[in-house]
Amino acid sequence: MRPAQLLAFVAALPSTLAAYKGFNYGSTGRDQAAFEADFNSAKNLAGSSYTSARLYTMIQDGTTNTPISAIPAAINTGTSLLLGLWASGDTFANELAALKAAIEQYGSSLGPLVAGISVGSEDIYRITPIGIENHEGVGAGPAVIQNYISQVRSAIAGTPLSGAPVGHVDTYNVWTNSSQNALIGDCDFLGVDAYPYYETTKANSIGNANATFWDDYSVTVAASQGKPVWITETGWPVSGPSSGQAVASVDNAKTYYDDVACHAFAKGVNTWWYILQDTGASPSFGLVGAGSPPPTTPIYSLSC
Ligand SMILES: *[C@@H]1O[C@H](CO)[C@@H](O)[C@H](O)[C@H]1NC(C)=O
Ligand SMILES: *[C@@H]1O[C@H](CO)[C@@H](O)[C@H](O)[C@H]1NC(C)=O
């Protein structure tokens, strides 16, 4: 094809084709059967199929450095993965060992499922003044993350994961601090976490939430040096306490979903929503109620 024809062809492709659509999944207490139950419910959710999973760690709960059982669960259910290595504290060597072991064990069946590899999650946020004030715990600075990114690139070189984009997830206000410029230069993608519900220094009622979220997203894009910006966490609680002007309710969660999730899907932005099931948490961000396996009927309609 001549370049002009190629461009016309590319422009005609629906941008949603390539986008990943998934949920965030913690590791605590989950074995392979639990991950499979989650992934199957997410895939079969009425009104909206979610076929990707973002993880925070490579390590199976309760082990030193055994690969997380979300990997065989993803292979069995055809779920793509945004892998994560926990980068705060002193467990990174185990994260890297688990990544290498996963490549060794699952290599060619894992490779095509990997949407990306996030080195860390909100590590820099946790050591900002706001993170410290909120007692968020141990974090890590950008130079540490850069070092870990280079270790991950070495670990995947020449393996079935060599084509995986490597990046970092942090909050929008971290990405917009110019102290992150060198780190951004080392990333293939930026994951952004943004929750207008928690942004209590702004007028954060549900009426402003869509505008606030997309402002957070666009300031991150402006700081991204042209790297793709993926939505790695957002959501609105169905129940729990108010936060500033933000009221947790099913109606408001549905409004937020209709505005933010549906717009992200229409734009073809890779999105990992928070969260499929959040039983017992307060605030509770879950799209489905209690039950194991998670119910496939959501609390509110997810059709866009
Ligand atoms: C920006 O980053 C610098 C260096 O890490 C830090 O000292 C400063 O507090 C950050 N600014 C904000 C608003 O977080
Ligand atoms: C949400 O914000 C986006 C980005 O500014 C905008 O395009 C969209 O129309 C907004 N949605 C609603 C329901 O206002």
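Which residues surround ligand 1? I began with this point, keeping in mind that the model is predicted.

**Entry: ligand 1**

I looked around ligand 1 and noted P129, N177 and S179 as the residues that surround it. I then checked the polar atoms. N177 has a polar side-chain atom 2.3 Å from an oxygen atom of ligand 1. For S179, a polar side-chain atom lies 3.1 Å from an oxygen atom of the ligand. I also looked up the cover: ligand 1 taken alone exposes 360 Å², and the protein buries 34% of that.

**Entry: ligand 2**

I turned to ligand 2 and found N210, W214, D259 and H263 around it. I noted that a polar side-chain atom of N210 lies 2.4 Å from an oxygen atom of ligand 2. Taken alone, ligand 2 exposes 360 Å². The protein buries 41% of that area. I asked which helices supply the shell, and found that α10 (206-223) and α11 (250-267) each give at least two residues to it.

**Entry: helix α7**

I followed α7 through residues 142-156 and counted 15 residues. From first C-alpha to last, α7 reaches 21 Å, close to the 21 Å expected at 1.5 Å a residue. I listed its buried residues as I145, Y148, I149, V152, A155 and I156. Why do the buried residues of α7 line one face of the helix? Seen down the axis of α7, they fall within an arc of 120°, so they line one face. The general rule I wrote beside this is that an α-helix has 3.6 residues a turn, so residues three or four places apart point the same way.

I looked at the other side as well. The face of α7 turned away from the buried side carries A143 and S154, which are exposed. Next I traced what the buried residues of α7 pack against. Their partners include the strands β3 (80-85), β4 (114-121) and β5 (166-171). The helices α4 (92-110), α5 (123-126) and α9 (181-186) are also packed against by these residues. Just after α7, I found G158 with a positive phi of about 70°.

**Entry: helix α2**

I took α2 next and counted 12 residues. The span of α2 from its first C-alpha to its last is 16 Å, close to the 16 Å expected at 1.5 Å a residue. I found F35, D38, F39, S41 and A42 to be its buried residues. Down the axis of α2 these buried residues fall within an arc of 165°, so they line one face of the helix. I noted that they pack against β1, β2 (52-55) and α3 (70-77).

**Entry: S27**

I located S27 in the loop between β1 (21-25) and α2 (32-43). Is S27 buried or exposed? I put it down as buried, because its relative accessible area is 18%, and buried means under 20%. Leaving aside neighbours within four places in sequence, I found S27 in contact with F35, T57, D61 and I68. One of these contacts, F35, is among the buried residues of α2.

**Entry: S108**

I found S108 in helix α4. I recorded S108 as exposed, because its relative accessible area is 63%, and exposed means over 50%. Last, I looked up the separation of S108 and V238. These two residues are 130 apart in sequence, and their C-alpha atoms are 40 Å apart in space.

Technical notes:
Residues numbered from 1 in each chain as written. Chains lettered and ligands numbered in written order. Predicted model: local features only at pLDDT ≥ 70, side-chain atom pairs only at ≥ 80, totals over all residues. Heavy atoms only, no water. Near = heavy atom within 4 Å. Polar contact = N/O pair within 3.5 Å; in protein donor to acceptor, adjacent residues only side chain to side chain. Areas by Shrake-Rupley, 256 points an atom, 1.4 Å probe, with all protein chains shown as cover. Helix = DSSP H or I, 4+ residues; strand = E, 2+ residues; numbered from the N terminus. Expected span 1.5 Å × (residues − 1). Buried < 20%, exposed > 50% of the residue type's maximum accessible area, 1.4 Å probe, protein only. Arc of directions from axis to C-beta. Contact = heavy atoms within 4.5 Å.
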